[in-house]
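Please look at the structure below with the sequence beside it.

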Amino acid sequence: MTTLIHTLIFIPLIGFLVSLLIPQKQERLLSGVAFITIGIHLFSFLSFLVIWILNGHQTLDVKDVCLYRSKEYVFLIDFYFDKVTAAYILVGAFLTFLVSIYSRAYLHREVGFKRFFNTILFFYLGYNIAIFAGNFETLFIGWEMLGISSFLLIAFYKDRYLPVKNAIKVFSVYRIGDVGLLLAMWASHHLWHENITFLEMHNPVFVSDHLQNHSFIGVFISLMILVTAAAKSAQLPFSSWLPRAMEGPTPSSAIFYGSLSVHLGVFLLLRTHPFWENQTSVKIIIILLGLTTSIVTTLIARVQSTVKSQIAYSSVAQIGLIFIEIAFGFETLALIHFAGNAFLRTYQLLVSPSVVSYLIREQFFKFTPRQLTIEDTFPKRIEYSVYLLSLKEFNLDAFMNRILWKPLKDTGKMLDFLTIKSLIWILVPAYLGGLFVLFYEDSFPPLLIGYLPTMFSFIALIFVLKAFSERNSVRMAWLMVIMNHFWIALAISFNEHFDYTEILLYLSGIVVMGTLGLFTLRRLKTQEECVDLNQYHGHSFEHPKLALMFLICSLGLTGFPITPTFIGEDLIFSHIHKHQFLLAFFVSSSFIIDGLAVIRIYTRVFLGPHNKPYHEIPFRSS
Amino acid sequence: MNTSNSVFDEHTVLHDLGHFLPAQNPLKDFIHHNTLHAFQHLKFFEGLKQANEVFGYKVLLDISEYRELYNVKRIRKDILQQKIMEKKGKENLDSWYKKLTHSNYPLTWSPRIGNLRASWKREYFIDLDLIVQPALFRTLCSYLDQGISIWNFPIPDLGLMASIRELERNSYVSFFKTQRARDLMLANESSITDLLKILVGDETLYSHYLFDQQFSHQGWSGMVASIEREPASLLDTKKVTLHDLVLFELLLEIDALDNKFGKVWAPLANVIKEKPLDLFAPIVQSELSEVLEIWQNAFEWTYYDQVLAGLQVKTTPSKTPESKSFQAFFCIDDRECSLRRYLENLDHNCETFGTPGFFGVEFFYRPEDGKFLTKLCPAPVTPKYLITEGGNTLKRGTEPHFTKYTHSLLGGMLVTQTLGFWAAARLALNIFRPSASTATVSSFKHMDKFSNLQIENKSLDDKFEGLQVGFTVEEMANRVEGVLRTTGLLQEFADLIYIIGHGSSSVNNPHYAAYDCGACCGRPGSVNARVFSFMANHLEVRKVLAGRGINIPASTQFLGGLHDTTRDEIVFYDESNLSPENSITHLKNNQIFRKALDLNAKERSRRFEAIDTKQSASKIHELIRRRSVSLFEPRPELNHATNALCIIGRRDVSKGLFLDRRSFMNSYDYRTDGNGTYLLNIMRPIGPVCGGINLEYFFSRMDNQKLGAGTKLPHNVMGLFGVANGTDGDLRPGLPSQMIEVHDPVRLLVIVEHYPEVVLSVISKEAATYEWFKNEWVHIAAIHPETKELFVFNDGIFSAYKPLTENVEFIQNVESVVELNQENCPVYCLIES
């Protein structure tokens with residue numbers, strides 16, 4: 001059984017790697033690899049399912065490789081299998097299989113044919129890791145992969161402005177979810193004093209024992225999980241990202257935002273349900289959130305006049321209901337509801353272009369001048385107000401801008417006085433000073449030492465804010481992101497005395513990827529006059545290889561599971577004490593903005609309209 | 001308020017805007033037209049230069065693309081040299097040849113449009129488009145929506161601005177964030193000029209500002225202008241004007257600025273450092289534009305030249321058979337070109353004709369239960385007649401996955417848990433075994449094969465909405481006579497004459513109307529074919545015709561039909577009316593039609609990479625049929641993607657040539673029309689219809705992003721009248737990349753078989769027609785009916801043309817050409833088998 005689970009992870013991994021090697025021209029081969037990979041996977045999974053059911057369908061937990069181990073910290077890859085896994089993999093494999101066949105003809109001759117299938121397979125791998133995950137750490141790996149493949153598919157048409165802009169928008173919401181997950185991991189580490197698996201979480205006695213004296217931290221963990229789930233499943237207040245994610249080719253929108261990706265929040269709730277099911281306050285919050293979301297988004301869906309946004313909001317409304325079902329403990333109902341919603345929305349999105357001829361025909365034969373709806377019975381003022389509010393999507397998009405982008409931009413602007421020179425002249429000595437203090441810690445008053453981590457993490461935050469708001473020098477922004485990590489490392493070093501190999505682990509990826517990134521930028525600069533952050537340059541049009549290289553560096557720098565930094569990030573968090581909320585806040589904010597700053601650099605330099613007139617340049621508004 | 005001596009006249013500027021904006025109709029009435037129609041009063045290349053300079057459209061290929069075409073011999077050297085000499089003189093041949101093939105031209109490009117309004121970003125660091133457009137598009141789309149939203153715009157009928165104002169007045173929620181804009185709107189006293197005064201401040205800049213503003217979302221603005229011109233193009237009609245759109249947008253802009261800067265900010269004119277160049281100021285000639293012009297000409301003439309050479313090849317004139325087995329009329333559509341060739345090849349005794357696919361009968365059509373009327377004739381014509389349908393037995397299925405219940409909360413909950421699983425099955429089914437569903441558009445469903453049409457007028461008082469129901473005998477006779485005379489079929493009638501309209505079938509295709517018959521306003525031509533046949537079979541009509549010298553034998557019967565160009569199927573109408581003898585002949589002919597359709601499907605398949613062209617014709621035909629119902633097939637057929645020619649003359653002019661489905665073909669016999677009376681009728685629609693199709697493909701190919709719709713894969717349907725990318729994007733008029741990717745962008749070459757002086761007098765008779773040729777948006781050549789000498793129209797005269805192509809290759813077998821090539825084929829002469 002357990003080796004079979006491994007196989008189920010390895011099949012998409014191999015498929016993905018193989019697909020990277022096939023040249024763009026080989027359409028048949030590329031789609032064939034995707035089709036065969038997912039086909040074999042679906043088939044193996046079905047066989048696995050049969051065996052599992054015949055064997056008494058017990059929950060499985062497979063402890064896999066341990067990626068890192070210290071006294072109190074273990075980073076374990078762990079897989080888990082129960083009926084939730086079964087339902088999610090079944091729906092996921094089935095839909096991805098169909099969509100991969102669908103896309104081989106649909107994407108024929110498309111410029112990004114290879115990129116599309118690479119990303120689909122990468123997504124599929126991440127999906128499997130996330131769904132099979134047996135602990136938070138493993139889940140987090142899959143989660144990150146899903147986030148990045150979402151970003152890549154939304155920005156699939158990278159030479160247009162809107163897809164790129166919306167890809168960043170969605171990425172930033174996802175980033176909030178990621179940090180929610182990180183904080184949940186941090187808090188749960190303090191709750192259990194070890195890295196626990198989902199299987200252990202399903203032990204009611206074990207859970208209630210721990211929660212008894214730590215109800216606050218329990219609620220905190222649950223809320224962080226809820227934030228993560230709400231962000232991923234487009235619940236309030238995040239809902240407005242979903243329709244804006246529909247920028248890629250229709251099949252990718254169908255599978256990601258119609259079905260699989262958007263139901264991952266639901267999955268997270270189902271997975272962690274045993275943990276929070278006895279926290280009444282959390283349950284009430286979930287029910288209220290689900291209820292508000294479903295009512296608000298239904299209203300919004302009712303006024304949508306574009307097919308895809310209508311489907312998106314309807315889907316979100318159903319997910320709101322699923323949240324409620326989970327909170328009430330109707331797990332099976334929630335799973336059926338999930339599967340039905342996923343299938344329906346995928347299909348609706350795939351046939352959405354047909355809606356023109358179909359509805360026009362309906363209209364031609366059945367037209368009644370104006371169909372009255374329930375809202376027409378409202379008092380006029382109420383009716384108009386609700387209509388207008390729904391038309392404006394309850395200002396959700398504006399709200400996200402206000403709480404997320406605007407503060408970032410404003411703070412960044414306040415830092416405009418900082419120049420490269422001043423930063424280097426002030427902060428490099430300061431860093432050295434910090435190191436000095438660290439080495440001779442005993443000769444400094446402990447009170448001061450106690451404040452240092454928070455202070456340094458604040459400096460780290462300033463760096464990354466500056467990186468985010470930098471408009472001119474790409475190199476400067478990139479360096480600041482690197483500096484940010486160094487300051488965080490310094491801050492945490494004061495916090496606890498632990499093995500320096502952990503710091504090494506954390507910074508190794510940063511240094512390698514950071515340097516590589518600088519090198520890539522240098523190469524680009526020698527070939528292009530204009531490389532800055534003031535606008536989108538779309539350099540991937542002429543320099544696809546550099547773009548890919550830089551993307552990999554960016555991922556490395558944001559702690560994506562390709563370098564040890566990924567484990568390092570988690571480790572860093574484990575060294576933040578449970579009362580150090582401010583430190584946790586600064587560090588987690590750094591991580592959010594880090595990701596945003598890096599992706600911003602990547603998109604501004606490499607994506608967006610490529611303004612050289614020897615080829616067609618899209619309008620900005622298209 | 002407007003003062004009489006002001007530089008800015010609101011009305012004029014709005015009118016000009018409407019003229020320059022894309023003129024595409026809502027999707028259901030998609031009709032091809034010249035994308036750059038606003039420049040048609042200029043010479044072709046002058047117009048292109050202006051469009052490029054002012055609006056930033058890419059109007060020709062990039063120089064590297066031309067050089068590549070030259071390297072692969074798609075542009076011939078001798079023709080290139082000829083074109084250089086024509087333009088630059090013999091003495092400059094070498095220097096210009098070097099320029100064309102080797103010079104580097106710096107890439108500078110800064111269109112004039114958008115320059116003024118960009119100052120907001122330059123001087124104020126505010127991105128107005130980003131703030132204003134999403135709200136604007138959303139409101140506009142909801143207001144115009146034809147049936148996607150469940151809860152419709154609450155005040156539907158006051159006009160855009162008035163409806164918005166009414167909504168604003170009676171709502172606790174506002175469109176605006178600040179008070180001033182809200183007050184300005186509610187007060188309803190400000191004109192566009194007043195608002196521009198707040199925003200721009202300098203009257204001389206107003207016009208430029210409005211152009212900048214509206215062209216920052218030319219798709220939406222164009223749609224509004226188009227609906228304003230033709231409100232009936234929306235079934236659920238909406239009052240909307242460009243004026244309202246501009247007004248609303250200006251208010252939103254004021255709101256955005258107030259919101260960021262408070263009430264104190266200086267109008268744009270006060271902060272810009274220098275005035276931008278006037279949009280329509282004269283254009284400076286650049287060497288690059290001359291170079292590109294020569295390249296384009298050389299590219300076009302490389303193709304034209306071999307066609308013209310082919311037309312001169314002396315093929316053995318086909319023996320006129322003693323009796324014709326059958327005759328068949330098709331639309332002039334380029335897609336019918338190959339089917340006619342196969343029919344003639346399979347049955348040497350048959351004869352085919354081409355005439356615009358509405359067959360000269362113009363009317364509105366009302367299918368049974370239809371709540372609206374459908375126009376079935378070329379777009380510019382407004383018919384006075386109505387044809388109604390009765391006895392329709394076709395069932396229009398409903399598609400549960402499209403119902404609005406799926407979007408309600410509790411209903412949706414039930415639906416997802418039931419229908420949701422059915423959706424999975426449906427999806428799997430369509431992917432593995434594509435088949436027609438209620439979502440498919442089928443040309444055969446346009447009219448029920450077995451329904452009755454009321455074609456003959458019962459009494460002149462029989463009217464419906466001001467339209468005369470049916471035609472009188474006299475009116476019928478006129479129309480039948482018109483078609484017979486223009487096509488030259490006045491004697492030697494076969495016993496069976498087929499009248500075949502055409503339509504197409506597809507699924508998941510918002511541009512479906514573009515695939516149907518252009519002469520029938522983007523609908524299938526089945527009703528027209530049936531109506532014409534009825535008329536031509538009518539005994540009284542025959543009597544009238546006989547009186548006019550057209551004697552159709554009593555044994556001759558006309559039979560209507562419809563060719564589905566996607567599926568390559570033909571359905572015939574009213575077969576039961578055939579005489580027993582003709583029934584037997586028809587059965588025999590039907591076999592030939594079937595075989596021809598198989599072969600036609602095979603010939604088309606060479607363009608589709610997914611189909612192995614070496615398979616048998618019937619097997620390929622099956623795959624072709626499957627394409628038309630596959631959800632995942634963005635290219636059900638390639639439509640007019642290969643159009644390049646239009647041949648007006650007897651079939652013998654082009655019969656021996658393999659033209660690779662690239663030619664419109666209008667039958668015309670110069671012998672029956674010495675002074676060109678009927679030719680004028682033929683020439684009138686050639687520009688708008690054939691030229692329109694050709695130029696829409698041309699420009700969509702040249703700049704698929706700005707003049708075309710880009711790839712259709714991410715398209716999202718907006719309000720059932722347009723498509724956009726994603727949910728916040730501008731509407732995308734023009735053709736998607738999947739329709740134009742195999743298209744060679746060459747202008748249409750019209751070839752008329754008649755004496756050049758007659759052709760010249762005909763085309764120069766009417767200014768609107770003449771403009772197309774005089775300004776070179778369409779080329780025209782005349783082929784001397786007796787000597788086969790060629791004359792090419794240039795600068796107002798026809799001058800003799802001697803093709804540079806010396807040999808046109810002869811081929812025995814079309815099939816081998818079809819199997820070997822995927823690209824555009826050269827012209828071949830066919831050896832008659």
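Two residues are said to be in contact if their C-beta atoms, placed from the backbone, lie within 7 Å. This is a predicted model, in which local features need pLDDT of at least 70 and side-chain atom pairs count only at pLDDT 80 or more, while totals for chains, interfaces and linings use all residues. Residues are numbered from 1 along each chain as its sequence is written, and chains are lettered from A and ligands numbered from 1 in the order in which they are written.

**Domains**

The domain bounds used here come from an automatic or database domain assignment. The table sets out the domains of both chains.

| Chain | Domains and their residues |
|---|---|
| Chain A | domain 1 (2–358), domain 2 (418–606) |
| Chain B | domain 1 (10–29 + 114–271), domain 2 (288–317 + 640–833), domain 3 (320–359 + 471–637), domain 4 (400–432) |

In chain A, the C-alpha centres of domain 1 and domain 2 lie 28 Å apart, and 26 residues of domain 1 of chain A are in contact with 25 residues of domain 2 of chain A. Two or more residues on the domain 1 side of this contact come from each of strand E1 (60–69), helix H5 (136–154) and helix H6 (161–192) of chain A, where helices (H or I, at least four residues) and strands (E, at least two) are DSSP runs, numbered from the N terminus. H6(A) gives the most to that side, with 14 residues. By class, the domain 1 side holds 17 nonpolar, four polar and five charged residues; here Ala, Val, Leu, Ile, Met, Phe, Trp, Tyr, Cys and Pro count as nonpolar, Asp, Glu, Lys and Arg as charged, and the others, Gly among them, as polar.

**Where the chains meet**

The contact between the chains takes 94 residues from chain B and 86 residues from chain A. On the side of chain B that touches chain A, helix H7 (128–144), helix H17 (409–432) and strand E15 (715–718) of chain B each supply at least two residues, and the largest share, 15 residues, comes from H17(B).

H17(B) also takes part in a helix crossing: its axis and that of helix H14 (residues 307–327) of chain A come within 10 Å and cross at roughly 85°. Axes are lines fitted to C-alpha atoms, for helices over the stretch in contact, and angles run from 0 to 180 degrees between N-to-C directions. Angles under 35 degrees count as roughly parallel, over 145 as roughly antiparallel, 65 to 115 as roughly perpendicular and the rest as oblique, and H14(A) and H17(B) are therefore roughly perpendicular to each other. In this contact, Ser314(A), Ala317(A), Gln318(A) and Leu321(A) of H14(A) meet Leu409(B), Gly412(B), Met413(B) and Thr416(B) of H17(B), which gives four nonpolar, four polar and no charged residues.

**Strands of chain B**

Two strands pair if DSSP finds at least two bridges between them. Strand E3 (residues 363–366) of chain B pairs with strand E4 (residues 374–376) of chain B in the antiparallel sense over three bridges, and in E4(B) the bridge partner of Phe364(B) is Lys375(B). E3(B) also pairs with strand E5 (residues 385–390) of chain B, in the parallel sense and over three bridges, and there Arg366(B) has Thr388(B) as its bridge partner.
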